[in-house]
Amino acid sequence: EFDLNNALYVRIDRKKKFPATAFLRACGIESDAEILQIFFRCEDAPVSADDSPAILRRICAEDVVDKSTGEVLLEARHPVTHESIKRMIEKGIKTVKVLVGSPEKENPTLWETLRKDSYKSTKEAQQDIYKKLRGQEFIVPGQAERYLDNLIFKNLRKYDLSYVGRYKIFKKLRPLLERLAKRKDFRFELPSDKRRTLTVEDIIVTIQHVVALNNGTAHSAPW
């Protein structure tokens, strides 16, 4: 469901709702960089004094890291600034991965959803979702991870698509699933037509499809 600002939320187990990107993190799509590169078009842009006007204020699609020290020079989802360009040149960074165009225009729903998503890791998202769904503050190590895994991906008694459900997903979303599975920059797979529980791939393309419908561009994808 969408809020008044067009951010996308998912309701888990028909109870609490969470930003769709927070749900993705809980499913293993952990970082801002992964989410950006899955849902937005990206490109590698050269970094130099001459190229600075072309990359200034563009959104970084992955953390820029000084490999010699491990220092993060610019975080994913942040705009390229004069200062960050200067630091990248000083550290010998030759290229930076940036979003193509403006995220507010390319995919306004996902961009707004990311703004509402305060989680930074899979573990953080899993634990907070578990606390809100179960009403528990104390969590035994591994409990939140097992709970979501069983609720969504593994336990047929909790959530059973059935073969008919899998057929319907393939009928509507197979082109997106196939394109996702062909990507070289991620390790996604095409779900088996015998699979009766959801997969991360199902969730990604469902979000892509719902967002595209909301934007009036059904079945479009950045890949």
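User: How many aromatic pairs does the structure hold?
Analyst: The model is a predicted one, and it holds three aromatic pairs. One of them is formed by Phe40 and Trp111, whose ring centres are 6.2 Å apart with the planes at 85 degrees, so this pair is edge-to-face.

User: Which parts of the chain does the pair of Phe40 and Trp111 tie together?
Analyst: Phe40 lies in the loop between helix H2 (32–39) and strand S3 (42–46), whereas Trp111 belongs to helix H6 (residues 108–116); the pair therefore ties together parts 71 residues apart in sequence.

User: Are Phe40 and Trp111 buried or exposed?
Analyst: Both Phe40 and Trp111 are buried.

User: And what about Tyr130 and Tyr147?
Analyst: Tyr130 and Tyr147 also form an edge-to-face pair, at 5.2 Å centre to centre and 80 degrees between the planes. Tyr130 is in helix H7 (residues 122–134) and Tyr147 in helix H8 (residues 143–154), so this pair links parts that are 17 residues apart in sequence. Both tyrosines, Tyr130 and Tyr147, are buried.

User: Changing topic: what does the secondary structure of the chain come to?
Analyst: The chain has ten helices and six strands. Its radius of gyration is 19 Å, close to the 17 Å that the globule rule gives for 223 residues, so the chain is as compact as a globular protein of that length.

User: What share of the residues is buried?
Analyst: Buried residues make up 45% of the 223 in the chain. As for the surface, the chain exposes about 12,400 Å², of which carbon and sulfur atoms supply 49%.

User: Last one: how far apart are the mean positions of the positive and negative charges?
Analyst: The mean positions of the 41 positive and 33 negative charges lie 7 Å apart.

Terms used. Residues numbered from 1 in each chain as written. Predicted model: local features only at pLDDT ≥ 70, side-chain atom pairs only at ≥ 80, totals over all residues. Heavy atoms only, no water. Helix = DSSP H or I, 4+ residues; strand = E, 2+ residues; numbered from the N terminus. Rg over C-alpha atoms; globule rule 2.2 N^0.38 Å. Buried < 20%, exposed > 50% of the residue type's maximum accessible area, 1.4 Å probe, protein only. Areas by Shrake-Rupley, 256 points an atom, 1.4 Å probe, with all protein chains shown as cover. Lys, Arg positive; Asp, Glu negative; His and termini not counted. Charge placed at Lys NZ, Arg CZ, Asp CG, Glu CD. Phe/Tyr/Trp six-rings, centres within 6.5 Å; stacked < 30°, edge-to-face > 60°.
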